[in-house]
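Hi everyone, thanks for coming. Let me put the structure up, and then we can walk through its rings and a few backbone details together.

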Amino acid sequence: MDIYQAIMLAVIQGLTEFLPISSSAHLILPSQLFGWPDQGLAFDVGVHVGTLVAVMFYFRNDLVRLLNAWLRSLGGTRTADSALSWYLLLATLPAVFAGFFLSNMIEHLARSILVIAGTTLIFGALLGWADSRRREVRTLVNLGPKDAIWIGLAQAMALIPGTSRSGITMTAGLMLGFDRDAAARFSFLLSIPIIVGAGVFKGIDLAQSGTAASWELVGLGAVLAALSAWACIWLFLSWLNRIGMLPFVVYRLLLGAALLAVYFAG
């Protein structure tokens, strides 16, 4: 991997990790379409660390508040923030179990252009339907355990490339009656334990493999992923109520159609 590819992949990771368009699909596609070499495990860990730093920095005040509330809840003090912190943990569990039992099978069977095209189209259309039918009668204050479980089950489906973790969790939030901002914020907060878990497991694999890496490119990738991810979160939340989900739905439908054309042309 040369520096140009490293820059492109890092920015792609940063921009697509939190947009509802699937980061896994966009990181798989360059190697499938352009013959780029696999970015390697070390680079993968680096860009995940970068996106983690970005989302934790953006939501740093929320995280401090939620952590303090969660710690106080262990002593019996219950607040809206402590409830939200527990619901975030509850919503993380389905993806943890699905990842433990199904990740190897998905890794071998689902990383193809046809699968990515199908999930890009199907879940893009579902996002569009959910956004057009949204009721926006609930905020995060109204979140309950059943909501957390449903959104968590949706997140587990994002193990399939092309689904989009942020896209499917926002879709679930909109279908449950939450407004756009609440659906997006819960999705972004929910990404933190998942990115941490993925980074830990990939880090363990990296340590055990003893694979050599170009640490300059890894560091560059981490920084670029962090900067692009932070900008992406800020712009998305700033513009969400003005632009809605339609631009991302249209993009997914066009991308899915293009991928089908590439697949059948080959």
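Let me begin with a term: buried means under 20% relative accessible area, exposed means over 50%, and partly exposed is in between, with a 1.4 Å probe and protein chains only. Please keep in mind that this is a predicted model, where local features need pLDDT of at least 70, side-chain atom pairs count only at pLDDT 80 or more, and totals for chains, interfaces and linings use all residues. Residues are numbered from 1 along each chain as its sequence is written, and side-chain values use heavy atoms, with hydrogens and water left out.

Now the aromatic rings. Rings of Phe, Tyr and Trp (its six-membered ring) pair if their centres lie within 6.5 Å; planes under 30 degrees apart count as stacked, over 60 as edge-to-face and the rest as tilted. How many aromatic pairs does a search of the whole structure find? The search gives nine.

One of them joins Phe18 and Phe188, edge-to-face, with 5.6 Å centre to centre and 90° between the planes. Helices here are DSSP runs (H or I, at least four residues), numbered from the N terminus. Phe18 is buried at a relative accessible area of 1%, and Phe188 is buried too, at 0%.

Next, Trp70 and Trp86 form a tilted pair, 5.6 Å centre to centre with 50° between the planes. Trp70 lies in helix H4 (residues 60–73) and Trp86 in helix H5 (residues 80–109), so this pair ties together parts that are 16 residues apart in sequence. Trp70 is partly exposed at 24%, and Trp86 is partly exposed at 39%.

Ring pairs also link Phe18, Tyr58, Phe59, Phe188, Phe236 and Phe248 into a cluster.

Finally, the backbone. Most residues other than glycine have a negative phi. Which way does the phi of Glu136 go, positive or negative? Glu136 has a positive phi of about 50°; this residue is in the loop between helix H6 (113–132) and helix H7 (145–156) and is partly exposed, at 33%. Ser164 has a positive phi as well, of about 80°, in the loop between H7 and helix H8 (165–175), but Ser164 counts as buried, at 4% relative accessibility.

Methods
Helices (H or I, at least four residues) and strands (E, at least two) are DSSP runs, numbered from the N terminus.
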